[in-house]
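Morning, everyone. Let me put the model on the screen, and then we go through its rings, charges and metal site.

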Amino acid sequence: MAAFLIDLDGTMYRGIDPIDGAIEWIDTLNAFNVPYLFLTNNSSRTPKQAAAHMNKIGFHVTPDKFYTSAMAAVSTIKAEDPLAKTAAYIGEGGMYEALVEGGFELDYHHPQYFFVGLNREATYSDYSEAARLILNGAKLVGTNNDRILLSEAGANVGNGSIVAMLEYCTSKVAIKIGKPYSPIFIGALKKLKVNADEVFMVGDNLETDIAGATRAGLKSIFIDSGVHHLEDIADLGIQPTYYCKNVLDIATLF
Ligand SMILES: [Mg+2]
């Protein structure tokens, strides 16, 4: 049976507008008990907040269907270093909840790991504290490496740019988790309990969703409703397994 990992922004909705066909497609997956997870680089929202955001704009989804870069970051570190115990972080509710649920104790004196997720209120002194803890031995973990975060005003500084700043400042290399890196895909497969060859990554971004899926050994469905379009496949040289004009077309593939 096919299973799906599904991007959110540009694939399911744009801000507060659902993308044509997205609500109906998710209703169909629910009705036929098709396994799926929403896979998002956004570490800010908790799964409960992410589900509430979607339900408010007309979807019918539950928090257990979300797998965020914050959750992937914590489960990746726990899998690689089962004795990991202490962490500090920059982030919002989603990062905090993932750390606590993953059994980490918060420690701002000598943490083993420093997790960096987006916090839109973080300050120069927060980043400087992070740099000091990393220079003192905390391993730097970036939930995602998005350069920019689009908003109504245009481009905002993305979490990847903050991670890059801390790498530059400390001369350390961050452990990278979110799309296009493989840890978030590996974590999602584990949570879905499916094999890679049954899974399709559905997304609008060739460089993160599609290239990341290929790198992790998954098939992909590129949806032409967001950041990239048909002509970008050739321009970027990133080939999805399937191309669909919108999510409704996915039904024609199976
Ligand atoms: Mg997207």
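**Rings, charges and a metal site**

Start with Phe-115: its relative accessibility is 0%, so it counts as buried (buried is under 20% relative accessible area, exposed over 50%, partly exposed in between, with a 1.4 Å probe and protein chains only). Before going on, the ground rules. This is a predicted model, where local features need pLDDT of at least 70 and side-chain atom pairs count only at pLDDT 80 or more, while totals for chains, interfaces and linings use all residues. Residues are numbered from 1 along each chain as its sequence is written, and side-chain values use heavy atoms, with hydrogens and water left out.

Now the ring pairs. Rings of Phe, Tyr and Trp (its six-membered ring) pair if their centres lie within 6.5 Å; planes under 30 degrees apart are stacked, over 60 edge-to-face, the rest tilted. How many aromatic pairs does this rule give? The count is 12. Take Tyr-113 and Phe-115: centres 6.4 Å apart, planes at 45°, so this pair is tilted. Tyr-113 is buried too, because its relative accessibility is 4%.

Next pair: Phe-200 and Phe-254. Stacked or edge-to-face? Edge-to-face, at 5.1 Å between centres and 90° between planes. This pair links distant parts of the chain. Phe-200 is in strand E13 (residues 199-203), and Phe-254 is in the segment after strand E15 (242-244), 54 residues apart. Strands are DSSP runs of at least two residues, helices (H or I) of at least four, numbered from the N terminus. Phe-200 is buried at 7% relative accessibility. Phe-254 is exposed, at 53%.

On to charges over rings. The test: NZ of Lys or CZ of Arg within 6 Å of the ring centre and within 35 degrees of the ring normal. Lys-65 has its charged end over the ring of Tyr-36, 4.7 Å from the centre. Lys-78 lies over the face of Phe-104, at 4.7 Å from the ring centre.

Last, the metal. Which residues are the protein donors of the magnesium ion? Asp-7 (OD), Asp-9 (O) and Asp-204 (OD), lying 2.1 Å from the ion. Donors are N, O and S atoms within 2.8 Å of the metal (3.2 Å for Na, K and Ca); water is not among the atoms, so sites may look incomplete. The donor spacing in sequence reads D-x1-D-x194-D. Asp-7 is buried, at 8% relative accessibility.
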